[in-house]
Amino acid sequence: MAANRRTSLLSSWFPEATQPLVVAGPCSAESEKQVLAIAKSLKEISQVSLFRAGVWKPRTRPGSFEGVGEVALGWLQSVKRETGLPTAVEVANAHHVEASLKAGMDALWIGARTTVNPFFVQEIAESLRGVDIPVFVKNPIHPELGLWLGAIERLSQVGVEKILAVHRGFFSTQAAPFRNDPKWELSFDLRAEAPNIPILADPSHIAGDRNLIQEVAQTALDLNLDGLMIETHNDPDRALSDAAQQVTPESLQSILTHLEVKREEVSDAKLVSVIEDIRSRIDALDESLLSQLAQRNELVAEMAKIKESGKMTIFQLNRWFQLVDDRRKWGDKLKLDNSLVHDVFQVIHKHSVGLQTQLNKEK
Ligand code: PEP
Ligand code: MN
């Protein structure tokens with residue numbers, strides 16, 4: 001299979017790893033016995049290349065389990081010694097980095113609650129100057145590409161070369177059925193800005209529910225992401241953090257076995273030609289959509305003048321309600337998804353109001 005740049009980077013950074021890269025382990029290290037039991041089971045799963053466990057846990061509110069701290073680094077050393085699995089921990093400040101490096105951790109990750117804070121990211125970056133270790137950068141809690149890219153740049157500026165991103169979804173009041181809204185388009189945006197940064201998905205934190213992990217993981221691979229981080233616990237229901245979203249090693253094995261790995265490009269000439277044909281028909285439709293939008297704008301401009309001459313407001317609530325309602329009905333007849341129709345006309349209407357405002361200002 002033709003390797004893309006990210007595939008070759010991953011195989012040079014993790015020579016023992018299979019791809020897509022799979023990182024697994026508990027949300028939190030709870031005891032030496034627990035991490036060893038999980039790691040021994042994960043060692044049997046050939047696709048798992050890296051063992052994760054949170055040592056310092058950034059919790060949204062105080063009072064919940066905040067990790068056992070530095071003592072767990074010793075437990076992770078036992079994991080590595082007894083299973084040979086490389087280990088990764090979350091770091092949120094320079095002290096965490098120093099302790100993790102001293103303990104010989106193989107990889108680090110920056111959590112979503114840290115990526116939002118450039119002071120902490122810079123502090124972490126400074127403490128990694130001249131250190132050769134892979135660093136995973138989770139997306140910030142809210143969907144701001146700049147913070148995600150900024151964290152990657154801060155690491156890159158101090159010379160960290162092995163940088164990976166982790167898409168763990170975004171806080172939203174409308175995330176349901178998931179804990180965090182995937183907003184996969186943010187991964188596309190990141191990829192467009194930083195095409196050589198491998199991106200893993202974290203279906204556990206996106207889903208927040210172990211029953212949805214398979215589906216989210218498959219979507220991630222269908223979208224051409226490069227790996228998965230999946231929280232795995234030997235007794236998930238009794239986990240001290242993120243219980244609902246952790247799977248047993250047996251379930252992880254089943255999830256990984258059922259995943260279908262897709263390819264970005266194919267060489268089958270027949271398939272390529274069918275794809276090209278469909279794409280050219282889609283292109284033609286998009287061009288005609290744009291020409292219809294241009295015609296619509298002409299009418300909007302005419303309307304702006306008329307409203308101005310009649311001293312009417314640009315925005316009329318009743319017209320907006322009617323517009324939404326009609327388009328929903330027309331969309332229903334065409335079996336179009338309600339949210340597609342709604343989103344498209346939100347954007348069209350926003351620009352229509354913007355255009356009318358601008359034209360009236362110019363006159
Ligand atoms: C975690 O990986 O356990 C974690 C705290 O994740 P996030 O930073 O994505 O919330
Ligand atoms: Mn977690």
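Two strands count as paired if DSSP finds at least two bridges between them. Strands (E, at least two residues) and helices (H or I, at least four) are DSSP runs, numbered from the N terminus. This is a predicted model, in which local features need pLDDT of at least 70 and side-chain atom pairs count only at pLDDT 80 or more. Residues are numbered from 1 along each chain, and side-chain values use heavy atoms, without hydrogens and water.

Start with the barrel. It is closed by 8 strands in the order E1-E2-E3-E4-E5-E6-E7-E8, with parallel pairing. Neighbouring strands are turned by 30° against each other on average, direction ignored.

Now look at E6 (residues 163-167). E5 (residues 135-138) pairs with E6 in the parallel sense over 4 bridges. Phe-136 has Leu-164 in E6 as its bridge partner. Lys-138 stands opposite Val-166.

In a regular strand, side chains alternate between the two faces of the sheet. Ile-163, Ala-165 and His-167 point one way from E6, Leu-164 and Val-166 the other. All are buried, meaning under 20% relative accessible area with a 1.4 Å probe, protein chains only.

Move on to the helices H4 (residues 94-102) and H6 (residues 118-127). Their axes come within 8 Å and cross at roughly 30°. That makes H4 roughly parallel to H6 (angles under 35 degrees). The axes are lines fitted to C-alpha atoms over the stretch in contact, and angles run from 0 to 180 degrees between N-to-C directions. Ala-94, Val-97 and Leu-101 in H4 meet Glu-123, Ile-124 and Ser-127 in H6, where contact means heavy atoms within 4.5 Å.

Note on methods. Chains are lettered from A and ligands numbered from 1 in the order in which they are written. Angles under 35 degrees count as roughly parallel, over 145 as roughly antiparallel, 65 to 115 as roughly perpendicular and the rest as oblique. Buried means under 20% relative accessible area, exposed over 50%, partly exposed in between (1.4 Å probe, protein chains only).
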